[in-house]
Structures are given as structure tokens and as C-alpha cells.
Amino acid sequence: MNYEESSSFVRLTDSEFDFIVKFVSERYGIDLSQKRRLIEARLAGELKANGFSSYAQYIDLLKSNPASDKVDNFINKITTNYSYFNREMEHYDFLMNTIIPSLAQAKKSSIRIWSAGCSTGEEPYNIAMAIDSALGLKRNLWSVSINATDVSTRALTVAKKAEYPESELSGMPEAWRKNYMTKLPNGNYQVKDNIRNTVSFSKFNLMDPFPHRLYDVIFCRNVMIYFKQHTSQAIVKKFYQSTAEGGYLLIGHSETISRTADNQYKYIRPSIYQKVSK
Ligand SMILES: C[S@@+](CC[C@H](N)C(=O)[O-])C[C@H]1O[C@@H](n2cnc3c(N)ncnc32)[C@H](O)[C@@H]1O
């Protein structure tokens, strides 16, 4: 059904629409100012589940329970969690062919990665696969940590289960499918334990202050595309502070960031930036 043409959804009044746009933008960074019909379509089920006939009731619920599972359900509906295996493969190639060799050359044997906005897990699992395949027999000599975070608890539940339909694996190199995925009796594929154990998932909102931790590589791909520019800039500033000297920020191919006083990332090539302040 084309939701744009459907008349069955409860319509938002102007003030209800304004409230939701402001609430989502201030709390989560996501800009919904041009997405009125999308909000109506995505929240129709929530209205029904709560037995509400108007958005006014739903908004009261959000206002009176700002840290509740109701707000989790709301953000689960509002976020776009589209992701797939081996998306923008050039980043995994860069990790395998440039980042890991340069760390090895510097006599390092550890790597810390943050997959920020990891959605349903394909990205952090791909990162773990790329590292495993780059290190080969030396993998056991390395300490590899991949923190994968998202604001959507629904996406994180799918990610932790690590089970995907075969159709999702179409872009995965045959060797990775063979080495890192197991076919289940139901026909789906599950990520193998050695890869799963490398990734830790947690809920984190990029609008919140970042933990004091430094990463060698931060992946934040196809996330800030939903934010207004000033919001992205504030988040890139925090990424810069969380990047180790010589470390990288990788963003989606259709995204760009500009250098400011707060972020001195050096442009390496489209969608790849490096912190080189010395
Ligand atoms: C389109 S997915 C991108 C997934 C993956 N990085 C990729 O490129 O395939 C965007 C993800 O960003 C998450 N997201 C949006 N706003 C966020 C925020 N404020 N904090 C954390 N995650 C957020 C969404 O929940 C969604 O799962």
C-alpha cells in the first residue's frame, strides 16, 4: 500500500507535527521536518496498540514517560534501520589493506573500533570478518574490540541474534560466507561465534556525551544523513575527540564532512577521514 495515498491514518495537526519534529530533532538529531506522511504511517500501529484515536494522547504519553519503553517503541518506529552485508565494501578493503597493515608496521597488535549507528548488526560483523580475514593466522596474537551502538533497541535485538535470511548475504564474498556464517535448519544464516564474540552491542544515543575512550577507527555510515548539518557538525566534533591519533572516521559514500576549528580530520578520499594533528 502506498501510505502517501492512504486516507486511513490518523492525521497529525500542525502543532502535533511540530512537537514530534522538535522532540525527535532535540533528543535524537533526526530531522523529520519534511516527513509528515512518514511519521503518520510509521506511528499508526503505535496509536492503535495504545488504543488512542489522536496524536494528542500519544504525545501526552511521551511527555509523561520520557525514559520509558514507550519512548523506545517510538524511536524504534521512527528510525530507518536499513542495512545490508558488505555495504560500501571499499571501507572493509581499506581496513584490510591500509589500516591493519599500518598498525602492524607500527608494531601494534590491538585495534579498537566503534560502529556508531550499527543498526541490525551487518556492519560490525563485517568489520570483524574483515579483520579476521586480514590477520589470518596472526588473529590470535591481536586484541580486537568492536563496540557497536545504536539508539534502536529493536535493531539491537536483531543484531544480537545474528541470524539473517539467505537473501541478505548476496553481496558477501564466498570465502566469508563459508568461513563466518553457518546455515541453520530453517534456511537462515547465523554469524559464527568467533565473529560474534568480537562484537559488543549496546544502546547509545549519539546526542549524548561520548564516553572517554579512544578508537582507531569509527564507522558512522548512513546515520548523519538523517541529521541537520549543525547537528552532524556537533557529532563529528565529538568523534574527533574520540579518535586516536592516526585513527580514522569512515562515513557513508553519499555523505561529506567539512573541516572546522573543532575537527581537524584530514580528507583521505571520499568518505574516509584521518586524525593527523602532529
Ligand atoms: C540507515 S541505518 C545505517 C546502518 C549502517 N551503519 C549501515 O550503513 O548500513 C542508520 C542507523 O542510525 C541509527 N540512529 C539514528 N539516530 C541515532 C542516534 N541519535 N543515536 C544512535 N543511533 C542513531 C538508527 O537507529 C539506524 O539504525
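**Figure 1. Right-handed crossing of α5 and α6 in the predicted model.** In this predicted model, helices α5 and α6 cross with right-handed geometry. The axes of helix α5 (residues 89-105) and helix α6 (residues 122-135) approach within 9 Å, and the crossing angle is roughly 40°. The two helices, α5 and α6, are therefore oblique to each other. On the α5 side, the contact involves Tyr92, Leu95, Met96 and Ile100. On the α6 side, Asn126, Ile127, Ala130, Ile131, Ser133, Ala134 and Leu135 take part. By residue class, the contact of α5 with α6 comprises nine nonpolar and two polar residues, with no charged residue.

**Figure 2. Left-handed crossing of α1 and α3.** Helices α1 and α3 cross with left-handed geometry. The axes of α1 and helix α3 (residues 55-64) come within 10 Å, at an angle of roughly 30°. This angle makes α1 roughly parallel to α3. From α1, the residues Glu16, Phe19 and Phe23 meet Tyr55, Ala56, Ile59 and Leu62 of α3.

**Figure 3. Contact between domain 1 and domain 2.** The protein is divided into domain 1, spanning residues 14-78, and domain 2, spanning residues 89-274. Taken over C-alpha atoms, the centres of domain 1 and domain 2 are 29 Å apart. Eight residues of domain 1 are in contact with eleven residues of domain 2. Helices α1 (14-28) and α4 (69-78) each contribute at least two residues to the side of domain 1 that touches domain 2. The greatest contribution to this side of domain 1 is that of α4, with three residues. In composition, the side of domain 1 that touches domain 2 contains three nonpolar, two polar and three charged residues.

Conventions:
Residues are numbered from 1 along each chain as its sequence is written. This is a predicted model: local features need pLDDT of at least 70, side-chain atom pairs count only at pLDDT 80 or more; totals for chains, interfaces and linings use all residues. Domain bounds come from an automatic or database domain assignment. Two residues are in contact if their C-beta atoms, placed from the backbone, lie within 7 Å. Helices (H or I, at least four residues) and strands (E, at least two) are DSSP runs, numbered from the N terminus. Ala, Val, Leu, Ile, Met, Phe, Trp, Tyr, Cys and Pro count as nonpolar, Asp, Glu, Lys and Arg as charged, and the others, Gly among them, as polar. Axes are lines fitted to C-alpha atoms, for helices over the stretch in contact, and angles run from 0 to 180 degrees between N-to-C directions. Angles under 35 degrees count as roughly parallel, over 145 as roughly antiparallel, 65 to 115 as roughly perpendicular and the rest as oblique. A crossing is left-handed if the near helix is turned anticlockwise from the far one by less than a right angle, and right-handed if clockwise.
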